[in-house]
Amino acid sequence: MANNAPPRWDRKMQQRLARGEAAALGELYDRFASLVHSQAHRMLGDESAADLVTREVFGYVWENPDDYDPKQGSMRSWVARLTHRQSVRRLLSTDTAGTYEDAQDGGDRAERADLEERVRRATAAARADYIVASMPAPLRAALELAYIQRRDYRQTAADLGVTEDEARRRLRLGLQLLSTAHTRPLEGSAPPGYGRRL
């Protein structure tokens with residue numbers, strides 16, 4: 001991170017949470033609940049499990065605001081990491097309760113490999129969601145026009161009011177960022193022990 005100081009909002013929010021201001025938790029929830037819920041739902045594929053992860057993440061933030069380390073990234077990225085970590089734990093605990101014990105007893109290792117593949121795919125999907133949500137608006141708009149609304153780069157340029165070269169540049173950069181979803185961790189990956197209790 002080029003700038004080690006957290007954004008002013010992040011700093012103030014952490015201070016307010018540390019003082020126990022319930023209004024601060026409400027504001028944080030309003031800002032990040034949809035991010036947390038959609039990320040958890042994408043990973044778990046279950047609405048009630050996503051609801052539970054959302055409650056767990058915000059409960060953790062309320063009880064442990066000092067665990068947020070501005071040097072590791074923004075509060076948004078911290079909340080996204082907590083969501084990812086808790087979703088993976090929930091996925092592992094629900095799917096491996098019997099499978100892991102079976103594998104330990106010489107049971108079906110294919111089930112264990114399948115579970116690991118599901119966790120890997122869910123993690124990559126969560127990274128892709130995070131990358132799209134945090135990329136600059138011009139890149140996100142170009143990708144949405146090209147891949148959701150099925151516009152070619154000429155139509156994308158016209159819709160955005162930019163040159164065709166600029167539209168191609170935005171699309172190329174957006175796709176390059178998305179391609180990292182399979183190879184890189186979430187922004188500001190936490191060191192061992194960071195957010196240890198969640």
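Does Arg 150 count as buried or exposed, and at what relative accessibility? At 70% relative accessibility, Arg 150 counts as exposed, where exposed stands for over 50% relative accessible area, buried for under 20% and partly exposed for what lies in between, with a 1.4 Å probe and protein chains only.

## Basis of the model

This is a predicted model, in which local features need pLDDT of at least 70 and side-chain atom pairs count only at pLDDT 80 or more, while totals for chains, interfaces and linings use all residues. Residues are numbered from 1 along each chain as its sequence is written, and side-chain values use heavy atoms, with hydrogens and water left out.

## The pair α6 and α7

Two packed helices are described by the angle between their axes and the distance between the axes. Helix α6 covers residues 137–148 and helix α7 residues 153–160, and their axes come within 9 Å and cross at roughly 130 degrees. Helices here are DSSP runs (H or I, at least four residues), numbered from the N terminus, and the axes are lines fitted to C-alpha atoms over the stretch in contact, with angles running from 0 to 180 degrees between N-to-C directions. The two helices α6 and α7 are therefore oblique to each other, a class left over once angles under 35 degrees (roughly parallel), over 145 (roughly antiparallel) and 65 to 115 (roughly perpendicular) are set aside.

On the α6 side, the contact (heavy atoms within 4.5 Å) is made by Ala 141, Ala 142, Leu 145 and Ala 146, and on the α7 side by Thr 156, Asp 159 and Leu 160. These residues divide into five nonpolar, one polar and one charged.

Arg 150 lies in the loop between α6 and α7, and has a positive phi of about 60 degrees although it is not a glycine.

Within helix α6 itself lies Pro 138, which counts as partly exposed at 40% relative accessibility. Pro 138 and Leu 171 are 33 residues apart along the chain, and their C-alpha atoms are separated by 9.5 Å.

Thr 180 lies in the segment after α8 (164–179) and is buried, with a relative accessible area of 18%. The side chain of Thr 180 reaches the backbone oxygen of Leu 177 at 2.6 Å.

Asp 51 belongs to helix α3, residues 47–63, and is partly exposed, its relative accessible area being 32%. Between Asp 51 and His 37 there are 6.5 Å in space, C-alpha to C-alpha, for a separation of 14 residues in sequence.

Note on methods: Nonpolar A, V, L, I, M, F, W, Y, C, P; charged D, E, K, R; others polar. Polar contact = N/O pair within 3.5 Å; in protein donor to acceptor, adjacent residues only side chain to side chain.
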